[in-house]
Amino acid sequence: MLTLVTGGAGSGKSAFAENLVTGQGSPRFYIATMEPYGPESRARIVRHRSLREGKGFITIEKSLSLADIDLPPEAHVLLEDLSNLLANEMFSPGGGGAAAAEEGVLSLCGRCKDLTVVTNEVFSGGADYEGETDRFLRHLALMNRLIAQRADLVVEVVCGLTNILYSRTNLIADCSFTPRYMQLH
Amino acid sequence: MIFITGPLFSGKKSYIKKALGLSDEELRVWAVWDVQEMAGKEDAAHLAESLCQVPIVIATEVGGGVVPTDPHVRRAREEAGRLSCLLAEKADTVVRVCCGLPQLLKGEWPCKEKRPDFPDERRTRC
């Protein structure tokens with residue numbers, strides 16, 4: 001099952017995604033894409049680690065080239081998050097560009113049982129961007145659309161609650177996913 | 001508590017006034033809005049707890065859009081988001097309003113017949 005989770009800053013999208021993947025079974029892998037540069041990134045990493053503590057995730061820290069990750073076919077994978085991955089591939093030394101980010105995510109799709117991708121709602125704060133920002137936003141939007149098109153479930157998380165943007169019709173019957181009133185805490 | 005959220009100028013107050021049949025004056029007594037601006041100034045759990053005493057709590061969604069370069073603005077957005085998560089968790093009803101259109105995220109649709117309790121201390125004030 002492929003799931004795309006989106007939401008703004010502090011919307012509760014990570015907690016939702018973690019709970020969703022926890023409900024999918026074991027083994028669970030957490031692909032952490034954030035590069036630990038600067039105090040804010042490190043604080044964010046610490047916060048996310050404590051959020052998923054005790055949820056049984058095996059953490060794989062990989063900021064580039066997701067196609068290189070070895071996964072068992074029965075893996076339930078949480079990729080957090082798409083915008084970091086894309087920024088790393090586009091702007092970090094050693095990055096393979098937007099194409100590498102896309103290739104990395106698509107390669108994961110075919111190699112695990114469930115993949116949940118967390119992305120970011122960064123498209124409603126303005127429309128006048130230039131240069132690198134514009135290029136990044138366009139690529140991220142394309143990737144969101146590419147994943148959403150293939151996904152079984154697309155969820156926007158709003159203040160910790162779910163706004164289902166798309167759900168395959170028989171989805172609720174064949175997984176433990178409870179829409180709308182899912183309790184997160 | 002009824003929690004109303006949605007983007008800036010999306011019609012959050014207009015919606016709840018219409019749904020519950022409230023005048024502007026009544027809204028001022030029943031509701032508190034722009035609570036996203038209160039986030040980060042005190043402990044989020046404590047703030048959410050005290051806001052829960054108000055029948056209608058309204059927050060503007062500020063976490064969308066490109067991540068700001070200013071770290072203070074960045075933190076304020078996140079704190080506002082986390083406050084909204086806490087409020088939504090405590091609320092009986094959560095409605096998100098976009099372009100004036102309400103979307104029920106939790107509980108039951110607010111209606112005149114099921115108005116929340118009017119707190120006594122607020123009644124004496126108005």
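Across the interface of chain B and chain A, 8 residue pairs are in polar contact, both residues being at pLDDT 80 or more; a polar contact is a pair of N or O atoms within 3.5 Å, one able to donate a hydrogen and the other to accept it, with residues adjacent in sequence counted only if both atoms are side-chain atoms. The model is predicted, with local features requiring pLDDT of at least 70 and side-chain atom pairs pLDDT 80 or more, whereas totals for chains, interfaces and linings use all residues. Residues are numbered from 1 along each chain, chains are lettered from A in the order in which they are written, and side-chain values use heavy atoms, without hydrogens and water.

Between chain B and chain A there are 3 salt bridges (a side-chain nitrogen of Lys or Arg within 4 Å of a carboxyl oxygen of Asp or Glu). One salt bridge joins the side chains of A:Glu156 and B:Arg96, at 2.9 Å from N to O. On the side of chain B that touches chain A, at least two residues come from each of β1 (2-6), α4 (71-90), β4 (93-98) and β5 (101-106), these elements being DSSP runs numbered from the N terminus (helices, H or I, at least four residues; strands, E, at least two). The largest share, 10 residues, belongs to α4(B).

In helix α3 (residues 44-51) of chain B, B:Leu47, B:Ala48 and B:Leu51 are buried (under 20% relative accessible area, 1.4 Å probe, protein chains only). These residues lie on the same side of α3(B), because they cover an arc of only 100 degrees around the axis, taken from the directions from the helix axis to the C-beta atoms.

Notes. Buried means under 20% relative accessible area, exposed over 50%, partly exposed in between (1.4 Å probe, protein chains only).
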